[in-house]
Amino acid sequence: MESTMRYINRIVRLSQLYREKELKKYGLAGIHHTYILNICRQPGITQDRLAKEIFVNKSNVARQLAFLEKEGFITRQAAADDGRKLEIYPTEKAEAVAPKIREILSHWNEQLLAELSATEQERLLQELAQLMDRAQLLLTETE
């Protein structure tokens with residue numbers, strides 16, 4: 001039997017390539033959609049909280065946020081209650097591109113699942129959610 005992770009990793013990689021191609025016209029790399037959508041959804045989220053929510057280490061988050069700040073998508077400022085924490089806010093540029101990002105992701109999802117029935121899509125989603133929950137549990141058990 002083929003490895004489940006082999007298929008999941010390939011789907012993830014193909015999805016990344018698609019996002020790279022589609023987001024390039026907005027001056028973004030494929031990974032940036034996660035940052036922009038989370039920041040637009042939660043203005044003022046701290047850098048540390050963002051890292052935890054998207055399962056990326058703090059140094060990678062800092063590097064990507066520096067790029068997004070330089071390109072005018074976000075601003076970072078020290079938290080009022082703790083100057084050591086950085087809060088992240090979307091700019092108008094990020095707010096303007098967020099719906100386009102959602103559209104790109106939605107289109108990919110629709111195309112990817114087009115040959116599955118609604119029942120099959122729901123079942124797949126439930127099974128993937130189970131795998132994700134299990135993966136999170138296994139990771140926290142090893143920490």
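Colleague: In which sense do β2 and β3 pair, and over how many bridges?

Modeller: This is a predicted model, and the reply rests on its coordinates. Within it, Ala78 stands opposite Leu86 in β3. β2 and β3 pair in the antiparallel sense, and the number of bridges is 5.

Colleague: Which residue of β3 stands opposite Thr46?

Modeller: β1 and strand β3, the latter covering residues 86–90, run antiparallel and are joined by 2 bridges. Ile45 stands opposite Ile88 in β3. For Thr46, the residue opposite in β3 is Glu87.

Colleague: In what order do the strands lie in the open sheet?

Modeller: The edge strands are β1 (45–46) and β2 (74–78), since each pairs on one side only. The sheet is open, is formed by 3 strands and has antiparallel pairing. The order is therefore β1-β3-β2.

Colleague: Which strands does α4 touch where it packs on the sheet, and what angle does its direction make with that of β2?

Modeller: Helix α4 comprises residues 58–70. It packs on the sheet, where it touches β2 and β3. The angle between the direction of α4 and that of β2 is about 120°.

Colleague: How are α3 and α4 oriented to each other?

Modeller: The axes of helix α3 (residues 47–54) and helix α4 come within 9 Å and cross at roughly 110°. An angle of 65 to 115 degrees counts as roughly perpendicular. The orientation of α3 to α4 is therefore roughly perpendicular.

Colleague: How many residues of the contact of α3 with α4 are nonpolar?

Modeller: α3 passes α4 in a right-handed crossing. On the α3 side the contact is made by Gln47, Asp48, Leu50, Ala51 and Ile54, and on the α4 side by Lys58, Val61, Ala62 and Leu65. By class there are 1 polar and 2 charged residues, and the number of nonpolar residues is 6.

Colleague: How many charged residues does the contact of α2 with α4 hold?

Modeller: Helix α2 (residues 32–41) packs with α4 at an angle of about 80°, their axes being 11 Å apart; the two are therefore roughly perpendicular to each other. From α2, His32, Tyr35, Ile36 and Ile39 meet Asn60, Val61, Gln64, Leu65, Phe67 and Leu68 in α4. These residues divide into 7 nonpolar and 3 polar, and the number of charged residues is none.

Colleague: Are α2 and α3 perpendicular or oblique to each other?

Modeller: α2 and α3 pack with their axes 11 Å apart, at an angle of about 120°. Only angles of 65 to 115 degrees count as roughly perpendicular. The relation of α2 to α3 is therefore oblique.

Colleague: How many charged residues take part in the contact of α2 with α3?

Modeller: The crossing of α2 and α3 is right-handed. Thr34, Tyr35, Asn38 and Ile39 of α2 make the contact with Leu50, Glu53 and Ile54 of α3. By class, the contact has 4 nonpolar and 2 polar residues, and the number of charged residues is 1.

Colleague: Which residues does Glu53 contact, leaving aside its neighbours within four places in sequence?

Modeller: Glu53 has its place in helix α3 and is partly exposed, with a relative accessible area of 27%. Its C-alpha atom is separated by 8.7 Å from that of Asn38, 15 residues apart along the chain. Beyond the neighbours within four places, the residues in contact with Glu53 are Asn38, Gln42 and Ile45.

Colleague: Is Phe55 buried or exposed?

Modeller: Phe55 is found in the loop between α3 and α4. Its phi is near 60°, a positive value in a residue other than glycine. The relative accessibility of Phe55 is 58%, and residues over 50% count as exposed, so Phe55 is exposed.

Colleague: What percentage of the residues of the chain count as buried?

Modeller: The chain has 6 helices and 3 strands, which run α-α-β-α-α-β-β-α-α from the N terminus on. Its C-alpha atoms fill a box of roughly 50 × 40 × 20 Å along the principal axes. Buried means under 20% relative accessible area. Of the 143 residues of the chain, the share that counts as buried is 27%.

How values were computed: Residues numbered from 1 in each chain as written. Predicted model: local features only at pLDDT ≥ 70, side-chain atom pairs only at ≥ 80, totals over all residues. Heavy atoms only, no water. Axes fitted to C-alpha atoms, helices over the stretch in contact; angles between N-to-C directions. Helix = DSSP H or I, 4+ residues; strand = E, 2+ residues; numbered from the N terminus. Parallel < 35°, antiparallel > 145°, perpendicular 65-115°, else oblique. Left-handed = near helix turned anticlockwise from the far one by under 90°. Contact = heavy atoms within 4.5 Å. Nonpolar A, V, L, I, M, F, W, Y, C, P; charged D, E, K, R; others polar. Buried < 20%, exposed > 50% of the residue type's maximum accessible area, 1.4 Å probe, protein only.
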